[in-house]
Amino acid sequence: MLNNKAVIRWSLIGVSFLIIGLILWNTYVFFNQLKDNEQDKMEIWADAQQALDTSDGDISTALKILESNKSTPMLLHTVKEDVYSSRNMDEDDINSPEKIADIVEQFSSEYQPLEVKNDNQLLSVIYYGNSPLINKLKYYPAALIVIMVLFFFAVYFFYKTAKSSEQNKLWAGMAKETAHQIGTPLSSLVGWTEILKGENVNPDYIVEMEKDITRLEMITDRFSKIGSVPTLKKRDLVEETTAAFDYLKNRSSRLIDFTLKAPNQSIMVNMNSQLFSWTVENLVKNGIDAMKGKGKIEISIEKNDKLAFVRICDTGSGISKNKFKRIFTPGYTSKKRGWGLGLSLAKRIIEEYHEGKIRVLKSSTAGTTMEIALKIDEN
């Protein structure tokens, strides 16, 4: 089915190129025919000029032919008087020898000048150029090519947008189905914890189990919200980041050295707490993967007059500069196992939902620093 669609798509593209090629070719042929007709017309005009200059009889026909030229720009050089006269041109175009020389050069490049003679004596020389119609037609192929390029860009953009929309719907559907599937065993776990409370079990174990159940409920809620517009509330960025930090620190390997640098005062921003903590977790887990499970993770919070910044630093192998933007592309991953959705979802959460920015601040072989920027709510 996919192969058939690809064949149809490429066939349509091929047919489009063929049609445009035929149009360009016919335009080229038509353009040359017009130039030939222009040349024939001017040769007749030159003959009429010769008849006017040499005939002592009826010159009415010659005058009619001379008067019939109302479109072709021309310059007549009378050799004996060494003067130039123009037709179908602005008089300002020949008000100086320099301008006349430029026009003579231009017209000579377009058509061979015509000489008017009498008994081998040169009387005048006719320089002429393209008529307005031919000049317009000359640029028609270029305009057609520009339209063609714009058309294919529009088709490509539509195709990419449609494909991206289809992928987003697929991922949203998968996320909602995952949330639904997790919900059933999660409800069972809640019941089992209630039963264990009545048994002779260390209460500390049950407390930790309840923490993980709460966490699973939060994850389920996150997945169920993918594809929907989340609700943003005014929250303390320092408090929310600290909560995510504490959870990750307590459940990560002891080979990871966690550090948090946060100001003592609150920084209020509009956010969805669950989606923000998910983003921080994704960035931290990516950092841990880059360090292969051993190294340092530092989360710092800073602010200026308008923005608050959360920076996650790791001591991993780093990211090459040409991949700084590519890593946020859906499907891109450097892992042998993975869907390549973590950072693309993080970008969507921060930039589309929270109207902030997420980027690779810096990276080298000594590690990588990711930065989240959110607007401060001072109201």
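**View A. Serine 273 at helix α8.** Serine 273 belongs to helix α8, which covers residues 273–290. Helices (H or I, at least four residues) and strands (E, at least two) are DSSP runs, numbered from the N terminus. The model is predicted, so local features need pLDDT of at least 70 and side-chain atom pairs count only at pLDDT 80 or more, while totals for chains, interfaces and linings use all residues. Residues are numbered from 1 along each chain as its sequence is written, and side-chain values use heavy atoms, with hydrogens and water left out. A polar contact of 3.3 Å links the side chain of serine 273 to the side chain of glutamate 240. Polar contacts are pairs of N or O atoms within 3.5 Å; within protein, one must be able to donate a hydrogen and the other to accept it, and residues adjacent in sequence count only if both atoms are side-chain atoms. Apart from neighbours within four places in sequence, serine 273 is in contact with Arg235 and Glu240. Contact means heavy atoms within 4.5 Å.

**View B. Helix α8 along its length.** From first C-alpha to last, the 18 residues of α8 reach 26 Å, close to the 26 Å expected at 1.5 Å a residue. The expected span is 1.5 Å times one less than the number of residues in the helix. α8 is largely enclosed by the rest of the structure, because 13 of its 18 residues are buried. Buried means under 20% relative accessible area, exposed over 50%, and partly exposed in between (1.4 Å probe, protein chains only). Just after α8, lysine 292 has a positive phi of about 55°.

**View C. Helix α9 and its cover.** Helix α9 holds 12 residues (342–353), which should span 16 Å at 1.5 Å a residue, and its end C-alpha atoms agree with this at 16 Å apart. Its buried residues are Leu343, Ser344, Ala346, Ile349, Ile350 and Tyr353. The cover over these buried residues includes α8, β10 (357–364) and β11 (367–375). Glutamate 355 follows α9 and takes a positive phi, near 55°.

**View D. The five-stranded sheet.** An open sheet with mixed pairing is formed by 5 strands in the order β6-β8-β9-β11-β10. β6 (256–261) and β10 are its edge strands; each has a single partner strand, so one side of each is left without a neighbour in the sheet. From one strand to the next the twist averages 15°. Helix α7 (residues 237–250) packs on this sheet and touches β6, β8 (295–303), β9 (307–314) and β11, with its direction at about 170° to that of β6. Axes are lines fitted to C-alpha atoms, for helices over the stretch in contact, and angles run from 0 to 180 degrees between N-to-C directions.

**View E. Strand β11 between its partners.** On one side, β11 pairs with β10 in the antiparallel sense over 7 bridges; the pairing of β9 with β11 is also antiparallel, over 7 bridges. Two strands pair if DSSP finds at least two bridges between them. Isoleucine 372 of β11 is the bridge partner of isoleucine 358, and valine 310 also has isoleucine 372 as its bridge partner. A hairpin of 2 residues joins β10 to β11, and serine 364 stands opposite glycine 367 in β11. Of the 9 residues of β11, 8 are buried, and the strand is mostly covered.

View F. Strand β1 (residues 74–78) is joined to strand β4 (residues 121–128) by 5 bridges, and the two run antiparallel. Leucine 76 stands opposite isoleucine 126 in β4.

**View G. Asparagine 118 in strand β3.** Asparagine 118 is found in strand β3. Its relative accessibility is 30%, so asparagine 118 counts as partly exposed. Glutamine 50 is 68 residues away from asparagine 118 in sequence, but their C-alpha atoms are 7.6 Å apart in space.
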